[in-house]
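I opened this notebook to record what I looked up in one structure. The entries follow the order in which I worked.

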Amino acid sequence: DERAGRVLFTDHTYDNLGIPSNPDNPFFHVSPPYNTVGRDTMDLGLGAFLGDSAEFGKFRVPTLRNIALTAPYGHNGYFKTLEEIVHFYNVRDVEDYPAPEYAATVNREELGNLGLSPEEEAAIVAFMQALTDGYR
């Protein structure tokens, strides 16, 4: 239902934002047989669940409701603050970020070079913080 999406501030889709691998991921240090490839472990998201390589690297778009309470951000916690992830959405393709965790399905149409000013980024963060109601 479209109305539910407006209340939850999500479109209930899956997307690959091009987020880099998180070097702080504790799973990288888990020994075999649970982690057989060490630092090269990759969560393939929806694609792994469906067994469909066209969906590899895609994760559900989260609700923005109470987003200020849910750090870190990104499917793997790469971004520690809202400011960091909003800046990434804005400049992913024009600043020097590490390679995406799974590059083949990255969304290159809706983010990465938005051309937002620092003031516009700050306004987006302020809006997102205003979506906090104290209930989880």
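**Entry 1**

I began with D93, which is partly exposed, with a relative accessible area of 38%. Here, buried means under 20% relative accessible area, exposed over 50%, and partly exposed in between, with a 1.4 Å probe and protein chains only. I worked on a predicted model, in which local features need pLDDT of at least 70, side-chain atom pairs count only at pLDDT 80 or more, and totals for chains, interfaces and linings use all residues. Residues are numbered from 1 along each chain as its sequence is written, and side-chain values use heavy atoms, with hydrogens and water left out.

Which residues form a salt bridge with D93? I took a salt bridge to be a side-chain nitrogen of Lys or Arg within 4 Å of a carboxyl oxygen of Asp or Glu. I found R92, with the closest N and O atoms 2.6 Å apart. R92 is buried, at a relative accessible area of 7%. I also found R108, where the closest N and O atoms are 3.7 Å apart. D93 and R108 both lie in the loop between α3 and α4, 15 residues apart, and the pair links distant parts of the chain.

**Entry 1: the salt bridge count**

How many salt bridges are there by this rule? I recorded 3. One of them joins K58 to E55, the closest N and O atoms being 3.5 Å apart. K58 counts as buried, because its relative accessibility is 17%.

**Entry 2: the nonpolar core**

I then turned to the largest nonpolar core, which has 12 residues, including L17, I19, I67, Y73, F79 and L111. Such a core is a set of buried Ala, Val, Leu, Ile, Met, Phe, Trp, Tyr and Cys residues joined through side-chain atoms within 4.5 Å. Two elements give two or more residues to this core, namely α3 (82–91) and α4 (118–130). Helices are DSSP runs of H or I with at least four residues, strands are runs of E with at least two, and both are numbered from the N terminus. I noted that α3 gives the most to this core, with 4 residues.

Which residues of α3 are buried? I listed L82, I85, V86, F88, N90 and V91. What covers the buried residues of α3 includes α4.

Lastly, I looked up I19. Leaving aside its neighbours within four places in sequence, I19 is in contact (heavy atoms within 4.5 Å) with residues including G74, H75, F79, F88 and P100.
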